[in-house]
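Biologist: Could you take me through this structure slowly, and tell me what the labels rest on?

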Amino acid sequence: MKHYLAFLLSITTILVFSQKRKIPTDTTVITNHSTTIKGVNFSYKATTGTQPIWNEKDEPIATLYYTYYERNNIKDKANRPLVISFNGGPGSASVWMHVAYTGPKVLNIDDEGYPVQPYGVKNNPNSILDVADIVYVNPVNTGYSRMIEDKEGNLPKRETFFGINADIKYLAEWINTFVSRQNRWESPKYIIGESYGGTRVMGLAKELQNSQWMYLNGVILVSPADYKLYSTSQPVYSALNLPYFTAAAWYQKVLPSELQQKDLLEILPEVENYTINTVMPSLAKGGFISENEKQEVAKKMAYYSGLSEKSILQHNLDVPTRFFWKELLRDKTGQTIGRLDSRYLGIDKTEAGSSPDYSPELTMWNHAFTPAINYYIREHLNFKTDVKYNMFGDVHPWDRRNDNTRDGLRQAMAQNPYLKVLIQSGYYDGATTYFAAKYTMWQIDPSGKMKDRFTFKGYRSGHMMYLRKEDLISANDDLREFINNSLSKGKSAKYLKN
């Protein structure tokens, strides 16, 4: 009888205290910290938590997890820049730039970006927190951000969030609420997006300006993914990969000796010119290119890429990047190279095949980032929940139709004389290549009337250029310079006659 009563008591206790696992809809946790950046010590406040998204009936339909850093003892908030940071995917949490690039803490990794144990974080002496406050935003289903059930227990329609234009629309609304809650309407504002985040912030520039009446000083694209290139299936755009092939082959020391003995930045301008003036027109001719021209282009592409003429001809000059990652070292070490950062090496089950088994750089990054962000949020920011932190969340199917983000950025710039753009790319990034980023920059404003408001910076690393210590320093310094150069400093927002 005693055992039976004890059993009933235990079951009752479980029923009473067990709760459905969910994230709070609207909550904040505040902690205070200190750091030293660029040799100056100061304190700062970290606010982390969730802020809801509402539907047209003012009912919460989702909540976004964010972390907001503010430098203390800033008397003039009106002149203090605010940076709003996104990663990409789509479906990626805002973890990468948060604890590896611009934030006050960075991963415990080696100087080239490889994971080391014990996992964790350390102070970031290069963070831009000395010159700007920063908020890291996790879109729906990433990080701790989640959709919210209605009274009947139904989740909102997925198309409310998961698509190029839906994503831009709800995030702009969320930013408006955040800026109002934090009383930052007077501040100079910047949006920064990495990878797919590049598409996101190009679109947000116009949406914020035209639908939220919020004008920006700067848009920063980090290793941007431009789906005007990637979703077309047009072989002419594969020509843009050749300068990346050169950079990766140079790093792996497989270029011809006369190229290999030069510095990378001596070689790339030559390859870029050849790409635009020869490779792109050759691919445009398709099957009607002359055999002699095809042979000549294949020979030169082989010279610049470390691939064989035969393999290039077998692909009709249109060499897939996946093949390049598998092929470059196939007959040398039998290893593959990384997609997002071609400095990384992988080992496949077989040397045969047309693409690698996995992405060695991404597994290395997950190796370091996942334990670090989970530890950091719980132990440093004091935000604790049983909900899983989604490094990558389910956001599919993702609607890529009606992508006008590139022109949206152009319109925002044309309407706002203050607005400037910075693009940062790693030379060894094979997913969103640096030369494709340059091409996007060239195409945003076909008139050329605003080209002096664009800045491009390249780095000797990959997609996450900031994982390499030398580039972490220079990339953050480039952000500081861009922010300083894009502040109005009392000048009126107007165009003058040329």
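What follows is a chat about the labels used for this model.

Modeller: First the ground rules: this is a predicted model, where local features need pLDDT of at least 70 and side-chain atom pairs count only at pLDDT 80 or more, while totals for chains, interfaces and linings use all residues. Residues are numbered from 1 along each chain as its sequence is written, and side-chain values use heavy atoms, with hydrogens and water left out.

Biologist: Okay, so why is Arg200 called buried?

Modeller: Buried means under 20% relative accessible area, exposed means over 50%, and partly exposed is in between (1.4 Å probe, protein chains only). Arg200 has a relative accessible area of 1%, so it is buried.

Biologist: And where does Arg200 lie, and what does it touch?

Modeller: Arg200 lies in helix H3, residues 196-211. Helices (H or I, at least four residues) and strands (E, at least two) are DSSP runs, numbered from the N terminus. Leaving out residues up to four places away in sequence, Arg200 touches Phe86, Asn87, Gly88, Pro139, Asp167, Ile168, Leu171 and Trp398. A contact here means heavy atoms within 4.5 Å.

Biologist: H3 belongs to a unit with E9 and E10. What makes it right-handed?

Modeller: Picture the strands pointing away from you: a crossover is right-handed if the path from the first strand over the helix to the second runs clockwise. E9, H3 and E10 make a right-handed β-α-β unit.

Biologist: How do you know that E9 pairs with E10?

Modeller: Two strands pair if DSSP finds at least two bridges between them. E9 and E10 (residues 218-222) have five, in the parallel sense. One of the partners is Gly218 in E10, which goes with Tyr190. E4 (residues 82-86) is also joined to E9 by five bridges, and these two run parallel. There, Ser85 has Ile192 in E9 as its bridge partner.

Biologist: What makes E9 count as largely enclosed?

Modeller: Six of the six residues of E9 (residues 189-194) are buried, so the rest of the structure largely encloses it. In a regular strand, side chains alternate between the two faces of the sheet. In E9, Lys189, Ile191 and Gly193 are buried on one side, and Tyr190, Ile192 and Glu194 are buried on the other.

Biologist: Which strands pair with E7?

Modeller: E3 pairs with E7 in the antiparallel sense over four bridges, and E4 pairs with E7 in the parallel sense over four bridges. Tyr66 stands opposite Val137 in E7, while Val83 has Ile134 in E7 as its bridge partner. E7 (residues 133-137) is mostly covered too, with five of its five residues buried.

Biologist: Why is the Tyr68 and Phe178 pair called edge-to-face?

Modeller: Rings of Phe, Tyr and Trp (its six-membered ring) pair if their centres lie within 6.5 Å; planes under 30 degrees apart count as stacked, over 60 as edge-to-face and the rest as tilted. The whole structure has 32 aromatic pairs. Tyr68 and Phe178 sit 5.0 Å apart, centre to centre, with 85 degrees between the planes, which is edge-to-face. Tyr68 is in strand E3 (residues 60-71) and Phe178 in helix H2 (residues 164-181), so the pair ties together parts 110 residues apart in sequence.

Biologist: Are Arg406 and Asp226 buried or exposed?

Modeller: Arg406 has 14% relative accessibility, so it counts as buried. Asp226 is at 3%, so it counts as buried as well.

Biologist: What about Glu272 and Lys438?

Modeller: Their side chains meet in a salt bridge at 3.3 Å, N to O. Glu272 is in helix H7 (residues 264-284) and Lys438 in helix H13 (residues 434-444), 166 residues apart. Lys438 has a relative accessible area of 18%, so it is still buried.

Terms used: A salt bridge is a side-chain nitrogen of Lys or Arg within 4 Å of a carboxyl oxygen of Asp or Glu.
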